[in-house]
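I opened my notebook to write down what I looked up in this structure, going from the ligand to the sheet and then to the loops.

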Amino acid sequence: MIKSIIVAKSDNNVIGKENDLVWHMPADLKHFKNKTMGHYIIMGRKTLESMDKPLPGRTTIVVTRNKHYKAEGCLIVHDVNDAFQIAEENKQEEVFILGGAEIYKITLHLADKIYLTEIKATFEGDAFFPEINRQEWREVRRDEYEPDEKNPYPYAFVDLVRK
Ligand SMILES: NC(=O)c1ccc[n+]([C@@H]2O[C@H](COP(=O)([O-])OP(=O)(O)OC[C@H]3O[C@@H](n4cnc5c(N)ncnc54)[C@H](OP(=O)(O)O)[C@@H]3O)[C@@H](O)[C@H]2O)c1
């Protein structure tokens, strides 16, 4: 089973601020939806709570240390490896790691693939993606886009696979 990180980060590695996103980029939301729809997705408790409700059409696995934690419509685990195991037992060919910062930090070394959206700007934030060691990854896709009326920043969809 392929373990894939999916993330949108700025030039200075910001992914969020005050438990929310810091940009509105509908093109990235569409890309994210296309990639993850129908799949098992793994996220930290804080990322789940940053959303109104679990993302429809996907099976959400939430990672928390709280043994009493419950979230409607979600599977709960206390170790990210248990999340991988659940996806594997359910015959998934690919599982998606959705963040946030803490979950990326503990899974980057375990991931086989990164679907990276580069938002080409710098932002203030309090949640960061760890530095990607490019020696470890092969870039297999790069699609660059200019800003448009709906998407205020230049951006790129970049796929990285572990060498
Ligand atoms: N730009 C993007 O692509 C993107 C994607 C996702 C999220 N985000 C942003 O990222 C921010 C949230 O990131 P975050 O780092 O604050 O939170 P997070 O990674 O979503 O969740 C952190 C929580 O995960 C649980 N956890 C962490 N490590 C664990 C471990 N080893 N074992 C068991 N449970 C563990 C803990 O839950 P308990 O406290 O319940 O124990 C911890 O508080 C928000 O701003 C969000 O908008 C951005």
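Which polar backbone atom did I find 2.8 Å from a nitrogen atom of the ligand? I looked it up, and the polar backbone atom belongs to Ala8; a polar contact is a pair of N or O atoms within 3.5 Å, and within protein one must be able to donate a hydrogen and the other to accept it, while residues adjacent in sequence count only if both atoms are side-chain atoms.

Before going on, I noted that this is a predicted model, in which local features need pLDDT of at least 70 and side-chain atom pairs count only at pLDDT 80 or more, whereas totals for chains, interfaces and linings use all residues. I also noted that residues are numbered from 1 along each chain as its sequence is written, and that side-chain values use heavy atoms, with hydrogens and water left out.

**Ligand**

I found 26 residues around the ligand (one of their heavy atoms lies within 4 Å of it), and Ala8, Arg45, Thr47, Thr64 and Arg65 come nearest. An N or O atom in the side chain of Thr47 is 2.6 Å from an oxygen atom of the ligand, and a backbone N or O atom of Val63 lies 3.5 Å from an oxygen atom of the ligand. On its own the ligand has 940 Å² of accessible area (Shrake-Rupley method, 1.4 Å probe), and the protein covers 86% of this area.

**Sheet**

I then traced an open sheet of 8 strands with mixed pairing, in the order 5-4-3-6-1-7-10-9. Strands are DSSP runs of E with at least two residues, helices are runs of H or I with at least four, and both are numbered from the N terminus; two strands pair if DSSP finds at least two bridges between them. Strand 5 (74-77) and strand 9 (137-145) are the edge strands, each pairing on one side only. Strand 1 (residues 2-10) pairs with strand 6 (residues 94-97) in the parallel sense over 4 bridges, and Ile5 has Ile97 in strand 6 as its bridge partner.

**Loops**

I counted 12 salt bridges in the structure (a side-chain nitrogen of Lys or Arg within 4 Å of a carboxyl oxygen of Asp or Glu). In one of them, Lys17 and Glu124 have their closest N and O atoms 3.9 Å apart. Lys17 lies in the loop between strand 2 (14-16) and helix 1 (26-36) and Glu124 in the loop between strand 7 (113-119) and strand 8 (127-128), so the pair ties together parts that are 107 residues apart in sequence.
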